[in-house]
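Biologist: Could we look at this one together? I'd like to go through the labels and ask what stands behind each of them.

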Amino acid sequence: MNSQIRALSPIKIWNYFADINAIPRPSKHEERISSYMLAFGENLGLESHIDDVGNIIIKKPATKGMESAPTVILQSHLDMVHQKNSDTDFDFGSQGIEMVIDEEWVRAKGTTLGADNGIGVAAIMAILASNDIAHPSLEALFTIDEETGMTGAKSLNGDWFEGKILLNLDTEEDDEIDIGCAGGLDVTAEKNYTEVDLVTNGKIVEISIKGLIGGHSGIDIDKGRANANKLLARIVFDAIQFDGVNIISMEGGSLRNAIPRESHAILHIQNDVFGACNTALTTLIQDIKTEFSLIEPNLSISLTMSLTSSKKMVSKKDGIDIVNTIFAAHNGVFRMSPDVADLVEASNNVAKINVKEGKASILCLTRSSVESTKWLVAKNLEAVFQLGGFDVSFSGDYPGWAPNKNSQILQVLVESYKTLFKSEPKVVACHAGLECGIIGSKVHGLDMISFGPTIKGAHSPDEKVNIASVQKFWDLLLFVLRKM
């Protein structure tokens with residue numbers, strides 16, 4: 001099917017997108033894609049560099065007649081989120097993404113697509129390789145590890161750049177021009193717990209939650225979607241109220257920046273309370289399905305008899321403390337912005353939980369466009385986790401990007417959009433973590449903007465990119481470069 005993708009228009013973008021999607025490029029393992037991009041620039045005869053962490057910088061002189069225009073930094077990230085459906089047999093470490101056309105969209109077969117941010121990367125590649133596109137001097141910046149820490153942007157040497165205008169190509173609605181974003185912070189809670197011997201006078205039951213939509217933990221956090229870890233904690237909370245119920249293990253979620261779609265727990269339920277516990281959980285599960293029937297139509301929650309090789313289970317006290325902590329931890333929107341209509345100011349995603357073999361961990365990603373409320377949410381979580389006996393650490397802190405409505409490049413984008421499409425674009429700030437704030441702290445005096453094609457379902461196997469919007473995005477990008 002990738003041959004059909006290569007025939008789409010604009011053909012240069014889709015061909016480069018197919019090329020990079022053939023290369024495994026998970027966050028923190030971008031060695032192959034970084035080497036490919038460095039060779040790409042060198043084969044074009046352009047000044048090309050790789051820094052100590054794997055960021056790629058390729059410089060291209062201005063086309064004739066545009067030598068006096070200001071130098072522009074074009075920026076996208078090389079890594080992609082790796083998520084797949086549980087019934088999809090796919091090895092992200094060795095296989096290229098299998099793409100298909102679905103009416104007006106391109107998507108992947110049961111996995112994330114990588115349009116975030118592969119379409120932006122492909123567009124920059126097409127410009128670098130062109131002989132007929134008018135543009136000023138360009139500094140193409142391809143960063144690594146945007147999705148799990150932004151360590152590429154954090155490691156940049158600002159002295160490598162002369163440009164004072166940054167075009168970030170990582171926005172996901174083709175009628176939006178982004179002028180600000182949220183900062184983020186990883187919150188990690190860890191606890192050692194007491195294990196006790198697994199008793200034989202009972203049944204082993206697995207609770208399995210599947211079929212949730214999931215999505216981007218920033219952009220989709222306000223859509224009311226269920227978080228599999230929080231649903232699991234809600235169910236186990238009710239189960240463990242029975243005296244004869246103990247946790248054997250709990251596990252759910254994968255990446256901090258993805259809303260958890262699946263979660264599982266294994267419980268030991270003593271025979272004398274099994275009937276009552278099963279009845280209570282069955283009723284609760286039906287209530288949850290009713291609550292989310294419109295938002296999560298494919299939600300599946302099952303209770304099944306299970307076998308386990310474990311000889312241990314969590315002590316009753318520690319089990320209660322762990323479940324209470326996950327249940328109490330804030331998830332979702334914390335505060336809406338009082339300054340920007342419909343913008344989430346602060347949120348938290350309870351992204352990953354693991355309770356197994358004497359160790360419990362809870363991994364969160366906290367976001368906010370206001371530094372003080374980012375830390376308010378983080379401290380709120382810290383208090384809850386400490387009450388449950390967890391040790392708490394903060395890492396991966398990165399700043400937001402404060403909107404500048406007086407930006408000159410903003411005016412260029414708005415006027416260009418109106419000229420091309422005869423309508424007004426939406427000037428917005430987003431609750432995602434763009435690299436602009438970090439890059440702006442490294443390269444001083446940058447005038448920054450972000451735009452891109454329409455991408456839905458980012459960070460989930462439902463990710464798809466609108467075919468017509470890629471052409472629209474390309475037309476806008478080329479028009480803006482000519483206007484510099």
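Modeller: Happy to! Let's start at Met150, which sits in the loop between β6 (138-143) and α5 (151-154). Keep in mind that this is a predicted model.

Biologist: What is the phi of Met150?

Modeller: Phi is near 55° there, a positive value in a residue other than glycine. Most residues other than glycine have a negative phi.

Biologist: Which loop holds Glu103, and what is its phi?

Modeller: Glu103 is in the loop between β4 (99-102) and β5 (105-108), and its phi is positive, about 55°, although it is not a glycine.

Biologist: How do you know whether Glu103 is buried or exposed?

Modeller: Exposed means over 50%. Glu103 has a relative accessible area of 67%, so it is exposed.

Biologist: And Ser306, what makes it buried or exposed?

Modeller: The cut-off for buried is under 20%. Ser306 has a relative accessible area of 17%, so it is buried. Ser306 belongs to the loop between β14 (300-305) and β15 (312-314), and it touches Ile204 and Glu206, leaving aside residues up to four places away in sequence.

Biologist: Which peptide bonds are called cis, and from what omega?

Modeller: One of them runs from Ser9 to Pro10, with omega near 0°; Pro10 is in the loop between α1 (2-6) and α2 (11-21). Another runs from Asp116 to Asn117, with omega near 5°, and Asn117 lies in helix α4. Most peptide bonds are trans.

Biologist: What makes up the largest nonpolar core?

Modeller: The largest nonpolar core has 70 residues, and Trp14, Phe142, Leu167 and Leu477 have the most contacts inside it. Helix α4 (residues 115-129) gives the largest share, ten residues. Apart from that core lies another of 51 residues, including Val187 and Val236.

Biologist: Which residues does Leu167 touch?

Modeller: Beyond four places away in sequence, its contacts include Val72, Ile409, Phe451, Leu477 and Met484.

Technical notes. Residues numbered from 1 in each chain as written. Predicted model: local features only at pLDDT ≥ 70, side-chain atom pairs only at ≥ 80, totals over all residues. Heavy atoms only, no water. Core = buried A, V, L, I, M, F, W, Y, C linked by side-chain atoms within 4.5 Å. Buried < 20%, exposed > 50% of the residue type's maximum accessible area, 1.4 Å probe, protein only. Helix = DSSP H or I, 4+ residues; strand = E, 2+ residues; numbered from the N terminus. Contact = heavy atoms within 4.5 Å.
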